[in-house]
Amino acid sequence: MQVVVDNNGIKRYLVTLNINGDSYTRVIKANTLLVKFLREEIDLTGTKKGCELGDCGSCTVLMDGKPVNSCIVLAVEADGHEITTIEGVAQNNKLDRIQESFIENAAIQCGYCTPGMVLSAKALLTQNPHPTEQEVRTAIAGNLCRCTGYVNIVKAVLVAADEQ
Amino acid sequence: MSDNYTQIGKSVPRIDAFEKVTGQAKYTADIKFSNMLVGKLLLSPHAHARIISIDTSEAEKLPGVKAVITHKDVPSKRYGLSPARWDENIFCIDKVRYIGDKVAAVAAIDEETVYKALKLIKVDYEVLPAVFDAFEAMKEGAPQIFEEYPGNINTEIHQNFGDLDQAFKDAYYVRTDRYDGQRTYQCPLEPHATIAYWEGSKVTVYSSIQSVHYLQYYLSQVLDLKMGDVRVLKTYIGGGFGGKMDPSGLDFGAVILAKKTGRPVKMWFDREDMFFNNRGRHPQFMNITTGVTKEGKILGVHADFVMDGGAYTGLGIASAYYAGALLTILYDFENYKFDMLRVVTNLPGCGAQRGHGQPQPRYAFESHLDNIAEHLGIDPLEMRIINARKPGTLTVQGFRVDSYGLKEAMEKAREISGWRDKKGKLPQGRGIGMGNGGFVSGAGYAIYRTDLPHSVATIKVTDDGTSAILYTGAVEIGQGSDTVLCQMAAEAMGYRYEDMKIVAADTDLAAHDLGAYASRQTLMSGAAVKQAGEDVNKKILDTAAEIMGVSNEELDCRDGIVFVKSNPEITKTFAEVARTYFVKNGQLIGRGSYKPPKLGGVHKGSAVGTSPAYSAATQVAEVVIDEETGEIEVIEAWDVHDCGYVINPALLHGQVHGAFYMGMGEAIWEEVLFDKNGKLMNGNLAEYRLPTALDMPPVASELVDTVDPNAPWGVKEVGEGATTPTMGCISNAVYDAIGVRVKSLPFTYEKIWRAIKEKK
Amino acid sequence: MNLPDFDYYIPASLQDACALLAEKGPGAKVLAGGTDLLNKMKHELMAPEVLISLKKLDQLTSIDYVSGKGVVIGSMATHNAISNSSLLQEKYLSVCEAAQHMANNQVRNVGTIGGNIVNAVPSADLPPIFIALGALLTLVSTNGERVMPLEEFFTGPGKTHLAPDELLTGIVIPDNSFTGSTYIKFGLRRSGALAVVGVAVAVEMDRNICKDARIALGAVAPVPMRAKKAEAMMIGNAITDELLEQVGVCASTECNPISDIRGSEEYRRDMVRVFTKRALRKAINNGHV
């Protein structure tokens, strides 16, 4: 990993992340968290900050297809990896079936947990197209929602799975 | 009747769903302006201390720091959400009153610099003795937190209606129970953020706030600005639940730092800061005494409460009044005494959380009623049915309750939950319980004294008539107000929801409204929107009458089509009529305004608890308890709500699910903890445990039909009322399961374990 | 929140990693998943000047059976890798289940077994089951490799026998004759909760006679601990519910819990009784679950 040292002796690292299919190269400090990289370097603000300790799942992104909390992953550690954020889920303005199902089943209220929920659900259905309700609940248990009681979110994921 | 409606009574998709599901929705912290600085507050490390001196010089020298402000740089005028007790300064002047109190603020070029600068501010404190318990605080010799609250008593309420002594003399059974509540927090997923920038003498403030109006009002009051020079708006808000009502240090700080630096400033709270600043639910300590007849008819009630208010008042005086005011709504009794002491302590200030002052008193009262029913040998649900308020009655304080379906809600809940087969018949360790609740559909009076309307709405039809824009000050915080208000506008106009746009909660661009609190927007904002829509509708019909050569009484307009009532084949589209109106008269605009009629009684504090309409709800929950560990699982829940006419059933049921969820969290898991020095111990989402998807049971949400005469289309509230029965309901289910009462919230596994152990 | 500055290295080989650790001294910390370390740094509970990432050391993520040695799990295997390993599911489902009840799915995709062990959090979920199964750690430094039983590794909360220049590379479950094992986590919420009590057991049964038993307790002492007196009550005896109750009581007296915001000492002791009994019954009846 290439290192650039500035006049104050601060080191910066050259990283290339593949985000939603596009390659982004930036020079960053090692303490740049992935969530900060996405929001501030790439302006992908669909990834939310909720607790910054990996407790709430608002900052969930997929790293090589697996949901991770981008608030506890260093951007330098994501160098060379494929990241999917909520902005990468719909393709050419066409919603993913999970997103449509969230809308149809009233699974959205304030919307702050929604990006993370959709990504956790997306990862689940990619790996397990026909989950049980318990498997859905386990997959989203790291995504806190303060509005919905998860009732319609669980329903939306199950409906999307049924149609696959 | 609902058959005639084309736009309301339907589960249309949310108007903001696409933006939210794709990540496009910009919440305050997501917004950037060029040349923007970022800032944070410096919070007190001491629970009670005198500020001797503040030295900001080292922080100011740090490269990248653009401004550091303390009380010396800001107006010293006190504020508080409720004007009855203005006891808070933008930054502490003489002393700090809790760990987390606001001392200074920094603006710098980036976050890292801000955090470094905060550490360089040197504050010299003289630590004072502190008090963290409401009862200790009232003792003689306790540290005095405010000069103006002798004995640390911030609010004292004594209300007395009817003749309670006589009622208790006449009663077959009089019983007193004591229940304690805990401090909880709203924990909206979005932490609060504010951005401010100045253009000349005018400041624009983006804030995660539940009421743009009150923030505009308080910014202008405290900073001595004309209201017209303060523009407050919000973009998307990630939940509020009462936590985003009060003007915060971020709002004042960002405005002043932006002025000082001449640059836009964004300030934000970390999650822990939310616990310090969010004005969570007051812990209440509740003695409740009730006298009943042999049949279980309530003759009188004495509510004797103490609440821990934390360091400041905020809206807390209203919380104190609400705690007693709403106890009389559900059940009809003629003798009532309410005593309340709100006490200040050296902990973060408390305020309004979903249901305001009422959920804990409801928990106490609903648990207490079950105890009484058990003593009398009556089914607790049946006992509540004989006491349930009837429509068109007055409470003992003089609150008028028109539509009211509590009895029907209980009957339906009894049926769908299988109550009769389960109550008292489930195996040991398994139990069923019920609780009732409800709420105001908007407060009858604004938070500060004013003769302004509570809600105003304007609808502008675009030039070609193909869409219409609703301008409202109502605040969408996730509950769905933008969607239901557009449905209401379209219905009143004779238009289509799909063609509605909305500009909401912007004090410059939208219309005046008091905002999202007290479950007010569906009724009150809705009333203004309906009137504005009807204004448009009248103009459309008048214009169509001219074009079509008929009288306007012969015409109607629905779903975007104007037609002759006697011959619906003869039509004009709304759009072409609107265009004609525009050509002839200029912009087609409809206006509406709503102010509640004079409500309530004449006693002191009679403003709190008034409302044009009251919701009612019954919840039943079934629990399973592991009697060796105390672990409690809620396995199923039922809610039946009387919320008047329903504009959007899917959104409504979503409110019920979320309300039950929050109530369940408060009943079992959630509690803010402090150590013996007043230091917050669980200001994060790992140890302040919101229930996860694995903890949440299925919830059946059903309705009873009522139509309130005082509301547009007969609507009433749902969002807060549905959280008020939950704690009592779960309390009663736990008792049914294990035969022993846990007398304080939350019912942690350890408390249940201990209760079972002590019973043995 | 703010994550303080540090220098970052991402060595390409184990040798390089060890050399870097030796060179940078005690100010350097190994970065595995980071789910615990980065949070401690944000809270300023730790302030390493240098983080040495093991991310490029692919050989540390493997989970294999090595004949004559046992199941070898690389220290960089994530909780979900452990949970989803078909080898472990077949041989020690109990280990998969323990990993599956950690934190939440997102954390399980990043957090590693190495981190879970080296951080030495008393309530960590994986140490008890590995101690019950008699696992051994492989520790590597520029001076070579050493092997240490996991049970002896911890010295206090956040403290271990790991030398500042040493890396944990793997954990081995040696071949054994246990017929059953399990870990029961008791947390205050179904997901994202630390254990109030964690009980792991491994048993060797010959019909109804217990030939060997190991009971490892988490969150009830400064380090994960064996309840050896309780184990001794099992060995050589026919299993009855009464015996298991007595074993549970014994374990509850052997442990040394503190009172904190998650539970009182008294409650934790009683939960040790309950879950020791339940875990033993489960492992006796159902094998490695």
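This is a predicted model: local features need pLDDT of at least 70, side-chain atom pairs count only at pLDDT 80 or more; totals for chains, interfaces and linings use all residues.
Reader: How many residues of domain 1 of chain B are in contact with residues of domain 3 of chain B?
Author: Contact requires heavy atoms within 4.5 Å. By that criterion, 28 residues of domain 1 of chain B are in contact with 23 residues of domain 3 of chain B.

Reader: Why are H19(B) and H11(C) called roughly perpendicular to each other?
Author: The axes of helix H19 (residues 749-759) of chain B and helix H11 (residues 265-286) of chain C cross at roughly 80° and come within 11 Å. Angles of 65 to 115 degrees count as roughly perpendicular, and H19(B) and H11(C) therefore receive that description.

Reader: Which residues meet where H19(B) and H11(C) are in contact?
Author: B:Tyr749, B:Glu750, B:Trp753, B:Arg754 and B:Lys757 in H19(B) meet C:Glu266, C:Tyr267, C:Asp270 and C:Met271 in H11(C). By class, this contact holds 4 nonpolar and 5 charged residues, with no polar ones.

Reader: Why are H2(A) and H5(A) described as oblique to each other?
Author: Helix H2 (residues 97-104) and helix H5 (residues 151-162) of chain A have axes that cross at roughly 135° and come within 8 Å. Roughly antiparallel begins over 145 degrees and roughly perpendicular covers 65 to 115; H2(A) and H5(A) are therefore oblique. The crossing of H2(A) and H5(A) is right-handed.

Reader: What residues make up the contact of H2(A) with H5(A)?
Author: From H2(A) come A:Arg97, A:Ile98, A:Ser101 and A:Phe102, which meet A:Ile153, A:Ala156, A:Val157, A:Val159 and A:Ala160 in H5(A). These residues divide into 7 nonpolar, 1 polar and 1 charged.

Reader: Why is one side of strand S21 (500-504) and of strand S25 (588-594) of chain B left without a neighbour in the sheet?
Author: The open sheet of 4 strands has the order S21-S20-S19-S25 (chain B), with mixed pairing. S21 and S25 stand at its edges and each has a single partner strand, so one side of each lacks a neighbour in the sheet. Neighbouring strands of this sheet are turned by 20° against each other on average, direction ignored.

Reader: How many bridges join strand S19 to strand S20 of chain B?
Author: Pairing requires at least two bridges, and 5 join S19 (residues 455-461) to S20 (residues 468-472) of chain B. The two strands therefore meet the criterion for a pair, and they run antiparallel. B:Thr458 stands opposite B:Tyr471 in S20(B). Helix H14 (residues 481-493) of chain B packs on the sheet, touching S19, S20 and S21 of chain B.

Reader: What makes S7 and S8 of chain B the edge strands of their sheet?
Author: The sheet has 5 strands in the order S7-S15-S14-S13-S8 (chain B). Strand S7 (153-161) and strand S8 (173-180) of chain B each pair on one side only. S7(B) pairs with strand S15 (residues 335-344) of chain B in the antiparallel sense over 8 bridges.

Note on methods
Residues are numbered from 1 along each chain as its sequence is written. Chains are lettered from A and ligands numbered from 1 in the order in which they are written. Side-chain values use heavy atoms; hydrogens and water are left out. Helices (H or I, at least four residues) and strands (E, at least two) are DSSP runs, numbered from the N terminus. Axes are lines fitted to C-alpha atoms, for helices over the stretch in contact, and angles run from 0 to 180 degrees between N-to-C directions. Angles under 35 degrees count as roughly parallel, over 145 as roughly antiparallel, 65 to 115 as roughly perpendicular and the rest as oblique. A crossing is left-handed if the near helix is turned anticlockwise from the far one by less than a right angle, and right-handed if clockwise. Ala, Val, Leu, Ile, Met, Phe, Trp, Tyr, Cys and Pro count as nonpolar, Asp, Glu, Lys and Arg as charged, and the others, Gly among them, as polar.
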